[in-house]
Amino acid sequence: MKKKQVLVACGAGIATSTVVNGAIEDMIKEHNLNADLVQIKISEVGSYEDTADLLVTTAMTKKEFPFPVVNARSFLTGIGTEHTKQEILEELKK
Amino acid sequence: MSDIYFNESIILLDVEAETREEVLTTIGDNLVNKHLVQPSFVPAIIEREKEFPTGLPTAGVSVAIPHTDVEHVIQKNISVAILKNEVDFGVMGDDSEQVPVKIIFMLAMDEAHSQLSLLQKLMQIFQDENELRNLVNQTDKKAIKRILEEKLNFQELEGGNK
């Protein structure tokens, strides 16, 4: 299976994406997934359009991307975390 | 790498404001006066909040974590403000929803992608309804400082940066 590229993005690329990045790193280890994480600002997503397989973000995205987008706010509030993890897992296991 | 600045002088209680711009200006101006951030920090954080809202609806007391780019920060710090009355913030990642926010953690970081364990500990507080209620009911800045120092474990974090 090809290694997946996962973009982790927030508005500033400082605070929230760091937390989300940590949570997904743990998931990758736990489930032994073949994926690379790239932590970026949401404004930088465009330059990864050709390579990325998934975008996980706490910022809003009005733009359409050629890959699925998962909202990761639950990693910050603890509400609905399991559902979000499931969404990410499904995409990475494809 | 410098330590995180955190003490009573950047904990604000009973902050009165009608709008989120007022809230952000009050907290930000305090940091400017203490030379912890550049004057450009205040307009930058207001702009960022418009574009990427940071309100987080939690199970108990809703919070916001405004932050902006590292170049506006002189010394990294976390400022806390408890509002007299809730003020509406946009919900993070959702351009249609607002959330009435009671407590603000303004994150002034001086390096991107750092402070993972600190941020994770902060998020753990957000996930603890009782702890948030406990925090907003405090009337003494020292008590808030003590609770957060214990929960965020600043000492352990020193030198533990990525």
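Predicted model: local features only at pLDDT ≥ 70, side-chain atom pairs only at ≥ 80, totals over all residues.
Let me begin with chain A, where four strands form an open sheet in the order E2-E1-E3-E4 with parallel pairing; helices (H or I, at least four residues) and strands (E, at least two) are DSSP runs numbered from the N terminus, and two strands pair if DSSP finds at least two bridges between them. The edge strands, each pairing on one side only, are E2 (35–41) and E4 (69–71) of chain A. Neighbouring strands of this sheet are turned by 25° against each other on average, direction ignored, with axes being lines fitted to C-alpha atoms, for helices over the stretch in contact, and angles running from 0 to 180 degrees between N-to-C directions.

Residues are numbered from 1 along each chain as its sequence is written, and chains are lettered from A and ligands numbered from 1 in the order in which they are written.

Within the sheet, seven bridges join E1(A), residues 4–10, to E2(A), and the two run parallel; A:Gln5 stands opposite A:Asp36 in E2(A).

Turning to the two chains together, 27 residues of chain B are in contact with 19 residues of chain A, contact meaning that C-beta atoms, placed from the backbone, lie within 7 Å. On the side of chain B that touches chain A, H2 (41–51), E5 (94–108) and H3 (116–126) of chain B each supply at least two residues, and H3(B) gives the most, with five residues.
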